[in-house]
Structures are given as structure tokens and as C-alpha cells.
Amino acid sequence: LETRWIADRLAAVSTEVDRALAAYRFDEAANAIYQFFWGELCDWYLELTKLRLIFDAPTDATALTLNALVSVFEAALRLLSPFMPFLTEEIWHALYNQQPPAKSIALTRYPQPADFPQNPEATAYMALLQELIVATRSLRKDLGVPEKEPVPIQVHLAPQYRWMLETEFDAIQKLARVDSIEAAEQPLTGSNVRATASFEVAVTYQRQIDAPAERERLTKELAKLEKGLAAAERQLGNDSFMAKAPAHIVEGLRKQSAETRTLYDKAKADLEALDNLG
């Protein structure tokens, strides 16, 4: 999953950089590369790739993963080279053990969108996996779980996404410090639950969450979601806006409104459950 995702992201960032350079917006091009290099390549791709690299008992999968990692890193260096020419030049030569295919990285092909296979489906799956890991980390912190202590979790996902709990178990286990995952058939509620428009995750931990703090958090969350719903309803109820707005804008607004409503209902149920506990 992570290899298909990073290839799609390379295609997307190459498109963004190409567009920015064509418009002489060098700051936007540099920022796009920075966000990709640190926020996606380093923060996620490298961490996920580590799970596939088993050097004491290498397999074909290890070799394929390592080749993909080197290829992605080399492409990222070429993408970054106009903005950091000296550093990327040194690293690029070292990557090829001082026998690179060209005299300089500046003489190589600059990455183009067509160089990388696009896979928006993998990017959507990866976004869901990232969101689940981040939500679990956040919930662990709120519950006061010691950093190195693994915990069991329950996850409620739409049936079409439940395969991720098995195929990406290693990623969730290592990056969110989880020791077991239970797929819940019904939506989850309670003070030990984090909910998004795509899933709910619950961490099983003996220490109870700070009820007043959680109540305050949920109250603020409800207020923010209420504003979002009210704004969406105003736009969707505006006949003039609806008549002039492009179809994709209207569809996006309706989708956003539905997701906000789902989050609102979940937060309201969690607050009610917390209040029932006294």
C-alpha cells in the first residue's frame, strides 16, 4: 500500500511543482517539495518501509521494498535538487557509490508526473490508515497511556475497509503502539472513543479519561460542528447560490455537510454517554 501511495504522491507533487515553476512561483514549488519530503516521505513512508525490511533473514519482499525505497528517495533528491543543489549532489553521488549514471544530478531528468504510476485509490486508503493511527495516538495521550505501553483497540469501519485491519496490522501496531485489534460490528461510543467520519476507534485501558476535560472537549467540538452545519445549510438553502454554483461544488458541499452531521451525531452521543456516567 505505501509503495503505491508514495508513487501517486510523487506524481501529484511533480504536477504541483511543474505548475508552480511554470508560473514562476518558486516559493510554492519549494513548499510543495518540503511538505512532501518531510511530511510524507520521512514521517510516513520511511516509517512504514522499516516494517518490511528484514535484513537478518532477507526475502524477496525485502529486496523489492528496498529497491522501491531507493528509487523513491532518488526521485525525491532530483525533485529537491534545484532548491538544495550542493547537498543533493553529495547525497546523490553517495547513493550510487560514487558511480552515478550522470556527471551531476543537475544533468538528470527532472521528475515529471508521467514518470510515476498514479493510484488515487491507494492514496485514499493511505489517508484512512494515517487518520486511524493519528486518532489512536491522540486517544492514548488523552487517556494517559504510557508512551511505550501497547494497548488493545476496537475499530468500527465500513465493511469495505475492514481488510486494512489485517493487512496493515503491523503498521498500526508499530506506529500506534497497539497489541491487538478487534473489528467492532456496531458503532462505538464512550469516553474512550475517538470518532471521525470514516471510523470510530476505542482504546481499552484501565485508567479513566478526565471526565470534566473530556466534557469540555466534546462541548467545544459540538459548538464547532454546529457552526459548520449552519453554514452548510445556509449555502444549500440559498436558491441563488444553488442555481449558479458548479455541480461539483454543490456535490462537495453536500458531502461535507453529511460528514459534519455524522461527526456531530457521534460527538453528541459521546457527550450523552459521558453525562450518563455522572
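Author: Gln98 is exposed, because its relative accessible area is 54% and the cut-off for exposed is over 50%. This is a predicted model, so every value here is computed from it. Gln98 sits in the loop between helix H4 (85–95) and H5. Its phi is near 65°. That is a positive value in a residue other than glycine. Most residues other than glycine have a negative phi.

Tyr24 counts as exposed because its relative accessible area, 66%, is over 50%.

Go back to the loop of Gln98, and follow it into H5. Helix H5 covers residues 120–143. What is the order of its strands? The sheet is open and has four strands, ordered E2-E1-E4-E3. Its pairing is mixed. Strands E2 (178–183) and E3 (193–195) are the edges, and each pairs on one side only. Neighbouring strands are turned by 20° against each other on average, with direction ignored. Helix H5 touches E1, E2, E3 and strand E4 (199–203). The direction of H5 makes about 35° with that of E4.

Strand E1 spans residues 151–157 and runs parallel to E2. Five bridges join the two. Take Val155: its bridge partner in E2 is Ala183. Strands of a sheet pair through backbone hydrogen bonds, either parallel or antiparallel.

Ala12 lies in helix H1 (residues 2–22). Its relative accessible area is 28%, so Ala12 is partly exposed.

Thr65 lies in helix H3 (residues 60–80). Is Thr65 buried or exposed? Thr65 counts as buried, because its relative accessibility is 15% and the cut-off is under 20%. Which residues does Thr65 touch, leaving aside neighbours within four places in sequence? They are Thr49, Arg52 and Leu53. Leu53 is 12 residues from Thr65 along the chain. Their C-alpha atoms are separated by 7.0 Å.

Step back to the whole chain. It has 10 helices and four strands. From the N terminus on, the elements run α-α-α-α-α-β-α-α-β-β-β-α-α-α. Of the 278 residues, 38% count as buried. Contacts with a separation of 6 or more come 70% from residues 24 or more positions apart. Along its principal axes, the C-alpha trace spans about 70 × 60 × 30 Å.

Conventions. Residues are numbered from 1 along each chain as its sequence is written. This is a predicted model: local features need pLDDT of at least 70, side-chain atom pairs count only at pLDDT 80 or more; totals for chains, interfaces and linings use all residues. Side-chain values use heavy atoms; hydrogens and water are left out. Two strands pair if DSSP finds at least two bridges between them. Axes are lines fitted to C-alpha atoms, for helices over the stretch in contact, and angles run from 0 to 180 degrees between N-to-C directions. Contact means heavy atoms within 4.5 Å. Buried means under 20% relative accessible area, exposed over 50%, partly exposed in between (1.4 Å probe, protein chains only).
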